[in-house]
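Welcome! Keep the structure open beside you as you read.

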Amino acid sequence: MSQYQAVKGTRDIFPEEATQWKYVEAIVHTLASLYGFSEIRIPIFEYTELFQRGIGSTTDIVGKEMFSFQPDPKGRSLTLRPEMTAGVMRATLQKNLLSSAPVHKLYYIGELFRKERPQAGRQRQFSQFGAELIGVSSPAAVSEVITLMMHVFESLGVTGLKLRINTLGDTADRARYREALQAYFAPFHEILDDASKERLEKNPLRILDSKNPALEELVAGAPRLYDYLNDSSLRDFEKVCFYLAERNIAYHIDHRLVRGLDYYSHTAFEVTSSELGAQDAIGGGGRYDGLARELGNSSDVPASGFAAGMERLLITMEKQGLFAALQPFGPLVYIVVQQQDLTDHALQIAWRLRKGGIKTEIDLATRSMKAQMREANRIRASYALFIGTAEYATGNYTLKNLATSEQKTLSLDAVLQILHEPAAKKLLDL
Ligand code: HAM
């Protein structure tokens, strides 16, 4: 027993669960490519300012959740990425991708780090898959990323999800709304908590995101951004809703949805799962035309995207029994060696089977035949291949179907052929 435990908020993924991860990741890769997205892999850490500027200094993520460090006393502060969007935009601008093609569709799967209080579904190291559509911004583009996200959930068989969407309008809409919020909250200054007082000055929209139950009623009575939208913002939002309806994607308009990151404009959305507790958001995203300029680009770069939490998705799928049918690939052959001095020969046979594409396991602990058979059953091998002195002498091996107990003595080539051909497998009553 080690004296060390995994750090709170991190967890190990053991082989059985890793199989589930690989299955979900395979669906993400397939569907992202179906929609024309290509994979991008970006560094795990970036300069801290990237997130301060990108996500917004008054957000919870930047204010209290970043793992930042300074590699040397004079060096710039670095931060483990708490999300991907800022890094993906940084990479796009740095490589000047938009000069080669006007639109870039990028997706990712990767680890993120947030110093949140760990609880069910909330970790300090977690993973997301997500996609960013950069270079064009329109109701069509944002509906594409929502559709891809919902398509992934649907392909995995997940049910009980609720998609909420809202519009945050354009910069001018939000400036008007900001003033309205300040005017609304100002008379209640005394009852606001410290975080909200600070937000009132810098970013009153964030007050709407407050989790403080004492402010619930006050927040509920606040003006709605929707009432401050100009006609073009309204039409934009209606078009997004139209596209979703066209694709039979059920959604709810939620005018209180502001999201925890500051870079959004126009459409923002979030998906919750009924299988999760307090941390029920399984994915979210929106349009973020102003992020590039925040990062120092001379102009806005239209963009939209989403990210979904892998752990929360996996919890939901587990609860819904969606991994029950997951099978490890192919039949597994367990080589049972009669006596120790045949181990070298058995290893050679294992190598030939594996080169032939057959998943093969062999006892390296030189246990008794009985113990080897027990092991073959424990790892749910489909076949046992016996190697004894007679087999060694003749080059013919006994292959036993462990489900039916039927067995045949065959040359290694015949064994390979049988294990490869579905029709031949029937001979062994598979
Ligand atoms: P976000 O809402 O902060 O958005 O995170 C997206 C998802 O990541 C959440 O819905 C949740 O499932 C998962 N998640 C977040 N924090 C944790 C945590 N501590 N533990 C486990 N899962 C977590 C973003 O990150 C944006 N970058 C999304 C986006 C992409 N917007 C535009 N493009």
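## Before we start

A residue is called buried at under 20% relative accessible area, exposed at over 50%, and partly exposed in between, using a 1.4 Å probe and protein chains only. This is a predicted model, in which local features need pLDDT of at least 70, side-chain atom pairs count only at pLDDT 80 or more, and totals for chains, interfaces and linings use all residues. Residues are numbered from 1 along each chain as its sequence is written, and side-chain values use heavy atoms, leaving out hydrogens and water.

## Around the ligand

Let us begin with the ligand. It is surrounded by 26 residues, the closest being Glu83, Glu116, Gln123, Glu132 and Tyr264; a residue belongs here if one of its heavy atoms lies within 4 Å. This shell divides into 10 nonpolar, nine polar and seven charged residues. Here Ala, Val, Leu, Ile, Met, Phe, Trp, Tyr, Cys and Pro count as nonpolar, Asp, Glu, Lys and Arg as charged, and the others, Gly among them, as polar.

In the side chain of Glu116, an N or O atom is 2.6 Å from a nitrogen atom of the ligand. A ligand oxygen atom lies 3.0 Å from a polar side-chain atom of Gln128. Of the 660 Å² of accessible area that the ligand has on its own, the protein covers 96% (Shrake-Rupley method, 1.4 Å probe). Strands S6 (125-134), S10 (281-287) and S11 (303-309) each give two or more residues to the shell, and S10 supplies the largest share, five residues. Strands are DSSP runs of E with at least two residues, and helices are runs of H or I with at least four, numbered from the N terminus.

## Salt bridges

Next come the charged pairs. Side chains of opposite charge can pair when their charged atoms come close. The structure holds 21 salt bridges, each a side-chain nitrogen of Lys or Arg within 4 Å of a carboxyl oxygen of Asp or Glu.

Asp60 takes part in a salt bridge with Lys64, with the closest N and O atoms 3.8 Å apart. These two residues sit about one helical turn from each other because they are four residues apart in helix H3 (residues 60-64). Asp60 also meets Arg199 in a salt bridge (2.9 Å, N to O). Arg199 lies in helix H7 (residues 194-202) and Asp60 in H3, so this pair ties together parts 139 residues apart in sequence. Arg199 is buried, at 10% relative accessibility, while Lys64 is exposed at 56%.

Methods:
A polar contact is a pair of N or O atoms within 3.5 Å; within protein, one must be able to donate a hydrogen and the other to accept it, and residues adjacent in sequence count only if both atoms are side-chain atoms.
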